[in-house]
Amino acid sequence: MIDFKQIDWVPPGLIVGMALIALPLVGDPAAWLTLTVAALAMGMMIFVMSSGLTLVFGLMDVINFGHGVFISIGAYVALLVFVPLAAWGAADSLTLNLALVGLAILVSMTATGALGYAFEQVVIRPVYGQHLKQILITTGGLIVVEQLIHALWGANPIPLRLPETLRGSFLIGDAAVERFRVFAIVLGLAVFAAMYIGLNRTRIGLLIRAGVENREMVEALGYDIRKIFIGVFVAGSALAGLGGVLWALYRQILVASMGMEMMVLIFIAIIIGGLGSVGGCFAGSILLALLANYTGFLVPKLALVSNILLMLAILVWRPQGLYPVARR
Amino acid sequence: MIARLLSGDLPRSHALTVVLVIVLVSLAGAPFLFPGSQSLNVAAKICVFIVLAASYDLLLGYTGIVSFAHTMFYGIGGYGIAIAMHGIGANWGAMGVGIALALLVSLILAVVIGLFSLRVRAIFFAMITLAVASAFAVLASQLRDITGGEDGRSYSVPAMFRPSFRLFEQPVLGVSITGRILTYYIVFTSSLLLFLAALRIVNSPFGRVLQAIRENEFRAEALGYRVVVYRTVASVLSAGMATLAGVLMALWLRYTGPDTTLSFAIMIDILLMVVIGGMGTLYGAVLGATIFILAQNYLQVVMGKLSAATSGIPLLPQLLHPDRWLLWLGILFVLSVYFFPTGIVGRLRSGRLKA
């Protein structure tokens, strides 16, 4: 079904290699497991938030500096579910808890998807092909929406309680593994699998991949790339919303700038992955999170700049990113 | 004479000339025209931000590249003074060392970032500068021993700049010339000189090449100009000016901390100033910075009154809440990118052409 020979195994090897090298350095296997699981959860969240952005860029050369507000909006909209249905979250029942989170995710993704549609139509459409204006306009959109969040939900941070069964940790040997992190990893893998299958096994996925490689050719064959692009933009925004819900549950406190905080990591992830590549973005996100956690444990001061160092190292090695997309 | 001072780049609009003269006279006479420490503070901030916005316009408006690391260079200037004054003491030597080291660090960083990312595409530069600047901000707030961490550093300045210093025995025009006022004039004069220097740069043959690159990178390259080199030099010059702006602000505030120098919010402020004032004309930076700082300090009062007046209507009071002033400037920003890409200055100039 999937031709494994076509996959470049170096980046995944890098991830596994990094984890294996870290094991003797960390020393304690339990601590190593905790660190690794935490990093994987973080990496999955970064991936969920950034995957849409990289596809949008690959397809239409559009960069959305306001992507972060979709994350914030996703988190705040989830409050509309979490607050009135607080009883579901307080109940000690996995089904009710998961139903609550699922409902919140559904509502958030719908809202951010719709907002993405409006954003594309109103804000981005007039500035196709003009990078400078795109950066300015989307940054402006970021300011306005962040201020609107302040106006609608107030400027104070809002606490959010994790549903009962997602709290606490599993004990694997001596290692404590937080339940929510496992949940985030499972969800992230599901999103990656869905995107991978969607892009590789469906007709629309074929068109998207073709569009990323060569937009003019797809248009010449009679497909309306604009419609595909709007679809991708809406999906990307909805994924940012999903990421926002996860990120909110992880931080357990909501502030309007929480999406913007992530943008730096997101940009680094999509740059080291190769702009336009979903697989690269996945590998990049996980590498980023693993390195940050290991250095944070081993050499805390170095962790402050580990992201930048990783980005520089990868760009020196592969200037187009881990999985270069043709033409770029 | 005036044309020479302005490097031949005249305002080219009566309205703009009038506004610029008003700004210049108000800033030059601020201690006498608007006595009081708050208004002097606003005037000093306007001076520094004019330099900061002008140096940013050198990149954004003239070279056509978006950087998110401008506050980093501004902060390097501030921290240069802070660390030197705190570590060595409040004397002129320390000030010199601080300025020199800050400029050196800025120069190296700007060259490295430029060579690394400017050969690719504008969009890459924007993302990489954002990442580097945020890493720098984290470093500044975490390396407590050097930078003072989140609290920043307060320090004393040479005796001449202190409020207790008196230049003359007698008050001049009813205002006694304190060290504060002296500092203000140092800030004002340096800002004016830096602004004139920026005008000189953009109207030189070098500045013309930058504009050529902005208009058509490929053609400029084909004409034999090394685009990467020109862009990197522009980004170094801009970084150097931002560093000096940071130095001036540090001397004025006698405090340097992450929130006042490195925060992303200030980066957004600079972006708003340049775009609303008018990209690609340094006079736009003057108007943008002046309007923005005035709005920051006085618009909130107006909005507070409006908010109270509309208290019966749903949502409107929240939108008019004094803390939401950035919302309205943000909307103005988006509208200006769409409808007046040349900003206020462009509007004023085109108004003249029609008349």
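Colleague: Where in chain B is B:Pro35 found?
Modeller: This is a predicted model, in which local features need pLDDT of at least 70 and side-chain atom pairs count only at pLDDT 80 or more, while totals for chains, interfaces and linings use all residues. Residues are numbered from 1 along each chain as its sequence is written, chains are lettered from A, and ligands are numbered from 1 in the order in which they are written. Helices (DSSP runs of H or I, at least four residues) and strands (E, at least two) are numbered from the N terminus. B:Pro35 falls in the loop between helix 3 (30–33) and helix 4 (37–63) of chain B.

Colleague: Does B:Pro35 count as buried or exposed?
Modeller: A residue is buried if 20 or more other C-beta atoms, placed from the backbone, lie within 10 Å of its own, exposed if 12 or fewer, and partly exposed in between. B:Pro35 has 12 C-beta neighbours inside 10 Å, so this residue counts as exposed.

Colleague: What separates the C-alpha atoms of B:Pro35 and B:Ser67?
Modeller: Along the chain, B:Pro35 and B:Ser67 are 32 residues apart. Their C-alpha atoms are separated by 37 Å.

Colleague: Near what value is phi of A:Gln252?
Modeller: A:Gln252 lies in the loop between helix 10 and strand 4 (253–254) of chain A, and with 12 C-beta neighbours inside 10 Å it counts as exposed. Its phi is positive, in a residue other than glycine, and is near 65°.

Colleague: Near what value is phi of B:Arg254?
Modeller: B:Arg254 is in the loop between helix 12 (227–253) and strand 2 (255–256) of chain B. This residue is partly exposed, because 19 other C-beta atoms lie within 10 Å. B:Arg254 is not glycine, yet its phi is positive, near 55°.

Colleague: Which residues does A:Ala238 contact, leaving aside neighbours within four places in sequence?
Modeller: A:Ala238 is in helix 10 (residues 225–251) of chain A, and it is buried because 25 other C-beta atoms lie within 10 Å. Its C-alpha is 8.1 Å from that of A:Ala114, which is 124 residues away in sequence. Contact needs C-beta atoms, placed from the backbone, within 7 Å. With the sequence neighbours set aside, A:Ala238 is in contact with A:Met109, A:Thr112, A:Gly113 and A:Gly116.

Colleague: Which residues have the most contacts inside the largest nonpolar core?
Modeller: A nonpolar core is a set of buried Ala, Val, Leu, Ile, Met, Phe, Trp, Tyr and Cys residues joined through C-beta atoms within 7 Å. The largest one has 228 residues, and those with the most contacts inside it are B:Ile50 and B:Ala53.

Colleague: How many residues does helix 2 of chain A give to this core?
Modeller: Helix 2 of chain A covers residues 29–60. It supplies the largest share of the core, 20 residues.

Colleague: Which helix of chain A gives the most to the side that touches chain B?
Modeller: The contact takes 27 residues from chain A and 29 residues from chain B. On the side of chain A, helix 6 (131–153), helix 11 (258–273) and helix 14 (306–317) each supply at least two residues. With 15 residues, the element giving the most is helix 6 of chain A.

Methods: Two residues are in contact if their C-beta atoms, placed from the backbone, lie within 7 Å.
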